[in-house]
Amino acid sequence: MAEASSELEGPDFEAGFQIDKVPDDGMLLGHAFGEAILVARKGPQLFAIGATCTHYGGPLAKGLMVDCTVRCPWHHAHFDLRTGEPIAAPALNDVACYKVEKRGERLFVTGKMEKKPARTPKSSPSSVVIVGAGAAGNAAAEMLRREGYDGAMTLITADESLPYDRPNLSKDYLAGTAPEEWIPLRPQDF
């Protein structure tokens, strides 16, 4: 697993930044509150999220912006720029989402947004069966929960292990550079 740089780069968004220097339908890496932040612009809308992918620490600013999402350049996880939520695997966790204020021709990142409560589906089945309990089955179960499904879920698999991260197993673990606890996607109690 490659390590992402921990040095902060780009403009200080707490101090303000010229809006027109953020390309329309584009992104800019900067920082605020001691953290790397990605600011994206879609017409008059401005978004600010954490700049590091929650899967393997990929640099989201080097990814691809499509509509109101950013795709990680390393393993193609997708994040919603409006909420920071992962909307496509392999990422399982949100990136932080920040408030952006416009003051004249400048933007300011003013703080983290509170996490939104789970959605309540309009209707749903009483139970769901997911065939396959690998990373994709796990991602499907987590997305159902994020979308507000609170019914019973059963994951069916021939595997005796918890859902695990295959890139960790096939790359880092076999090379002796990853500890065994890195392999499961989530701990047993999850």
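I take helices (H or I, at least four residues) and strands (E, at least two) as DSSP runs, numbered from the N terminus. The model is predicted: local features need pLDDT of at least 70, side-chain atom pairs count only at pLDDT 80 or more, and totals for chains, interfaces and linings use all residues. Residues are numbered from 1 along each chain as its sequence is written, and side-chain values use heavy atoms, leaving out hydrogens and water.

**Entry: Pro-90.** I found Pro-90 in the loop between E8 and strand E9 (97–103). The peptide bond from Ala-89 to Pro-90 is cis, with omega near 15°.

**Entry: His-55.** I looked up its loop, which runs between strand E4 (45–50) and strand E5 (64–66). His-55 has a relative accessible area of 15%, so it is buried (under 20%; exposed is over 50%, partly exposed in between; 1.4 Å probe, protein chains only). I listed its contacts (heavy atoms within 4.5 Å). Leaving out residues up to four places away in sequence, His-55 touches His-75, Pro-90, Ala-91 and Asp-165.

**Entry: the sheet.** I traced 4 strands in an open sheet, ordered E5-E6-E7-E8, with antiparallel pairing (strands pair if DSSP finds at least two bridges between them). E5 and strand E8 (86–88) are the edge strands, each pairing on one side only. Strand E7 (residues 78–80) pairs with E8 over 2 bridges. Phe-79 stands opposite Pro-86 in E8.

**Entry: positive phi.** Phe-33 is not a glycine, yet its phi is near 55°. Phe-33 is partly exposed, at 37% relative accessible area. His-76, also not a glycine, has a positive phi of about 70°. His-76 counts as exposed, at 51% relative accessibility.
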